[in-house]
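Please open the structure in a viewer and keep the selection panel at hand. The stops below follow one another as a guided tour.

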Amino acid sequence: MGRARSALLALLVTCCLAACGVPIDSPAPSEAEVLDYAALQCPNEGFEVVASEEVREVPQKVVYTLRSTERDLTFTASGEITEPVSGKFPSGPKPRVSCDYPSAVRDLYHDDVVTELSERIAGQGESGIIFLPDWPELYVRNYAQLEEALALLEEVDALYEPELSYNPAEWVRENASTSVAIRWFDGTFSAEDGDPTGWKQLGDVALYGELDAEEDLETLASAYAQLIADGVAPADATLPERLLEALHRTTIDRIAVRGEEVPFGLGETSWGDATNPYQRDHISAGGGVVAHWSDEQGCYLVRVNMDGTDPRDRDESGSWLVQQVAQLAGGSYEKDATGFSWEVGDVRGHMEYVGMENNRKVARLELNGRISTVSCSAEEAGLSDAVAMPVEDFAALFDLTASVDEAEGVIHLE
């Protein structure tokens, strides 16, 4: 049996024992089991045992000091019976093996990477790229700085190149790279510690010896462009226009009916004081509780609540949104035994929430005598009773037409 297969079998046995629990005075996994696991963690270079120490007698824990046979690198592996855990979710003692080879490899380069980045960015001041070494993190304000940051990371990535003589680039990237968070921020700083505030995560860049800065720049720039499309970040003349061409605002939380806005009042109240269900949804989920862009359907989907008009009344049914739009359009709204109905001009409608069918949320719609079904995925509608429908279909419920002002983040119904 090959060593890799043996190591995998040993790991499976350990996992089975861990699932069942063992007596607290059981012996720790053997040296052979620990070394087999270490071989899984250190698959590309040889190593040898240089020392072992029992650091805990009961439950037993033994730590093995290992040394690479190919370079000056020492790491550890251990076998132990874990301490019992009490409390709400108690668990008995379990056998466990571990090895810190990946982190030992990472430690060979991490401090040098952080030091190099700190030195290169130190002189830029508050208007330039900001680097915080603890995690580490890079903060940029615009595309030009993002481009500069990626060029810098590509240069610093060369510090990892010696590792490629011992481990393949893909292994280093997945197991021992130094990850640098890339964040856009609005130029404001905390009064307490001076760190950037008002930031949004664009992504992470892994330094591992073969960084493709151009590929990572494209990914991060697309995330930054979406912030601009969403109105979170301001327009940026340094951003290539092609990155904005096919983008749409991710979410819209405003609807205006013939110039008068639906009074969602999002973010203006507490859970207990909420007067409409969208306020509570906003507290639970944040933005996007009214409408969101669907790439699949190529349009905005309006989320029509069907869990009542007053969140303080748990037994109520109906739709607060339909009630508001119908009334703003000069029509009427009322609840009935099965759902709710409305009338606007020559349009008479009735809806009834059916529930989940084939993993989709379903409602029955009757509009001027024609019966149809509205359905959507649970993800599109959220956790509460609701359905999501294309914005044009929603407008047609009230004999209105829809237009979307993505720059302002408003759906206009006229």
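A residue is called buried under 20% relative accessible area, exposed over 50% and partly exposed in between, with a 1.4 Å probe and protein chains only. This is a predicted model, in which local features need pLDDT of at least 70 and side-chain atom pairs count only at pLDDT 80 or more, while totals for chains, interfaces and linings use all residues. Residues are numbered from 1 along each chain as its sequence is written, and side-chain values use heavy atoms, with hydrogens and water left out.

Begin by colouring the chain by pLDDT, the predictor's confidence in each residue from 0 to 100. The chain average is 92, and 95% of the residues score at least 70. Then select residues 13–19, where pLDDT stays under 50; the model has 6 contacts (heavy atoms within 4.5 Å) beyond four places in sequence for this segment.

Next, turn to the aromatic rings. Rings of Phe, Tyr and Trp (its six-membered ring) pair if their centres lie within 6.5 Å; planes under 30 degrees apart count as stacked, over 60 as edge-to-face and the rest as tilted. The structure holds 14 such aromatic pairs. Select Tyr101 and Trp171, a tilted pair with 5.6 Å between centres and 50 degrees between the planes. Tyr101 belongs to helix α3 (residues 101–121) and Trp171 to helix α5 (residues 169–175), so the pair links parts of the chain 70 residues apart; helices (H or I, at least four residues) and strands (E, at least two) are DSSP runs numbered from the N terminus. Trp171 is buried, at 13% relative accessible area, and Tyr101 is buried at 0%.

Move on to Trp293 and Tyr300, whose ring centres are 5.0 Å apart with planes at 75 degrees, so this pair is edge-to-face. Tyr300 is buried, with a relative accessible area of 3%. One aromatic cluster can be shown by selecting Tyr333, Phe340, Trp342, Phe394 and Phe398.

Now display strand β13 (residues 299–305) with β21: the two run antiparallel and are joined by 5 bridges, where pairing requires at least two DSSP bridges between strands. Leu301 has Pro390 of β21 as its bridge partner. In β21 (residues 386–390), 4 of the 5 residues are buried, so the strand is largely enclosed by the rest of the structure.

Finally, select the cysteines Cys299 and Cys376. A disulfide is a pair of cysteine sulfur atoms within 2.5 Å, and the count comes to 0. The sulfur of Cys299 has its closest cysteine sulfur in Cys376, 12 Å away and too far for a bond. Cys299 is buried at 17% relative accessible area, and Cys376 is buried at 0%.
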